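Take a walk through this structure with the model open beside you.

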Amino acid sequence: MIVGIDLGTTNSLIGAIDAGFPILIADREGERLTPSVVHYPAGGDAVVGKKALRYRGISPEATIASVKRLMGVRGENCKENLPYRLDKTPGAPVRVQIEDKLLLPEEVSAEVLKKLKADAELALGTSVDRAVITVPAYFNNAQREATKRAGELAGLTVERILSEPTAAALAYGLDRLGEQAKVAVYDLGGGTFDISILELNHGVFEVLATHGDTHLGGDDLDRVVVKYLCEKLEIQDASPQVIEQLRYAAEKAKCELSAKASTEILLPFLEGTKSAELTLSREELDTLTAPILNPTRQHCLRVLHDAGLTPDAINEVILVGGSTRMPAVQQLVHDVFGKPPNMTQHPDEAVALGATIQAGILDGSLQNITLLDVTPLSLGIETFGGLMNVIIPRNMTIPAKAGEMFTNAVAGQSGMQISILQGEREMAKDNWKLGELMIPFAPLPK
């Protein structure tokens, strides 16, 4: 059996095909959502999920959350400001520091996957060792490989890495296999943002274009609210415990303002015996978060351009990710696409459901469904002058095959070093190097 897993920034889920239907599996407490949080107690085993969440305010330096944003990231590229310590050595992967140990982000994520695996095995009554795991559509190869390693560390054979918006489209389209439509999936989760356009054509799901930002999400929205609270309460040089208390209050207020015009923020014993309370309105929240949300508008326009479509050509816009519950997000999507978003999908569960459907396709449980995905970033090589020469452009349907003729640069040259790159920047050094190889050949004139 192959399971489907949504390894999220904030929460993670696991599902399986049961009697021909995709189901999401609950843990012993009956919860389908597992917080993607791991606590490392001194000298003890890692604590995962809701139990770990309780330690965020008490021991933030040993409680790892939002680790997905660190997957496959090198030290010099890491701009994250988190309550736990990070080793950001240039040229090396970012590592999480717990006392005297350094852990790769995928090692932390593996603890979450181990819990999901155990929950599934208990519910299904059989061993689980194969999985489809979702990632943001705009994850590069290093981030995808790190996700795959996390699965392997958890004892899983990762059969496929699936893009999150594509998974959500599978969940949406399962009961529409006889229809033809163009669907946009706006996915704003805890740590990442993706926008993808797919064409559903009688059981064929074809990704036309995808775009996004792997460092834009609900965490950033919480951060601007925390900054606002610090300014209002005149808090300077706050301890990690105080920041965590403010973060929890900010997240709670953000959720409440999805249904209310204003909310009271209560902060008991914030600094010693000092307590505070204040009111935050939805209008104030919209003003604070506008600089975070507005860039998603440009991503939407970019993906429409890449797909060669106008907003009128889109039949449905699906919202995925907990942050899409915000009225400001729903209004932004309405403004861009000229139609209200489709709210029929559960924003927290659609991706996991799609991953489970893909798992069913791979193991033969579900048939008459074909998925055609794209490469989210251009692939090419470094050429003379340190330039990036694109061989396979972004948003090309994969698997893909392409070629271009190159010659030696100087007379008598006996070999050529090929640097394989991924990215959209003009200069090779600004893109992600996937690998290098040396091709020897007989010396010839230029």
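Glutamate 234 counts as exposed, with a relative accessibility of 70%. Buried means under 20% relative accessible area, exposed means over 50%, and partly exposed lies in between, with a 1.4 Å probe and protein chains only. The model is predicted: local features need pLDDT of at least 70, side-chain atom pairs count only at pLDDT 80 or more, and totals for chains, interfaces and linings use all residues. Residues are numbered from 1 along each chain as its sequence is written, and side-chain values use heavy atoms, with hydrogens and water left out.

Glutamate 234 sits in the loop between H5 and H6. Helices (H or I, at least four residues) and strands (E, at least two) are DSSP runs, numbered from the N terminus. The phi of glutamate 234 is positive, near 55 degrees, and the residue is not a glycine. Most residues other than glycine have a negative phi, and most peptide bonds are trans.

Leucine 233 lies in the loop between helix H5 (218–232) and helix H6 (240–256). Is leucine 233 buried or exposed? Leucine 233 is buried, at a relative accessible area of 16%. Its contacts, leaving aside neighbours within four places in sequence, are Leu246, Leu267, Leu270, Lys274, Ala276 and Leu278. Contact here means heavy atoms within 4.5 Å. Leucine 233 and leucine 278 are 45 residues apart in sequence, yet their C-alpha atoms are 9.1 Å apart in space.

Now step back to the whole chain. It holds nine helices and 24 strands. The radius of gyration is 23 Å, close to the 22 Å from the globule rule for 446 residues, so the chain is as compact as a globular protein of that length. That radius is taken over C-alpha atoms, and the rule is 2.2 Å times the number of residues to the power 0.38. Along the principal axes, the C-alpha atoms fill a box of roughly 80 × 50 × 50 Å. Of the 446 residues, 51% are buried. Among contacts with a separation of 6 or more, 62% join residues 24 or more positions apart.

Next comes a sheet. How many strands form the open sheet, and in which order? Six strands form it, in the order E18-E13-E14-E15-E19-E22, with mixed pairing. Two strands pair if DSSP finds at least two bridges between them. Strand E18 (316–320) and strand E22 (397–398) are the edges, each pairing on one side only. Inside the sheet, strand E13 (residues 180–188) and strand E14 (residues 193–201) run antiparallel, joined by nine bridges. Lysine 182 has glutamate 199 in E14 as its bridge partner.

Move on to threonine 375, in the loop between strand E19 (370–374) and strand E20 (379–383). Threonine 375 is buried, with a relative accessible area of 7%. Not counting residues up to four places away in sequence, it touches Ile392, Pro393, Arg394, Asn395, Met396 and Ile398. Isoleucine 398 is joined to proline 399 by a cis peptide bond, with omega about 5 degrees. Proline 399 is in the loop between E22 and strand E23 (415–422).

Now look at a hairpin. Strand E2 (residues 11–18) and E3 pair antiparallel over four bridges. Two residues lie between the strands, and alanine 19 in the turn has a positive phi of about 55 degrees. Alanine 16 stands opposite isoleucine 23 in E3. Strand E3 (residues 21–24) has a covered face of Pro22 and Leu24, and an uncovered face of Phe21 and Ile23.

Threonine 34 belongs to strand E4 (residues 34–35). This threonine 34 is buried, at 3% relative accessibility. Beyond residues up to four places away in sequence, threonine 34 touches several others, including Thr10, Asn11, Lys115 and Asp119.

Last stop: helix H2 (residues 105–124), where glutamate 111 has its place. Glutamate 111 is partly exposed, with a relative accessible area of 21%. Leaving aside neighbours within four places in sequence, it contacts Val38, Tyr40, Ala46 and Val48. Glutamate 111 and valine 37 are 74 residues apart in sequence and 9.1 Å apart in space, C-alpha to C-alpha.
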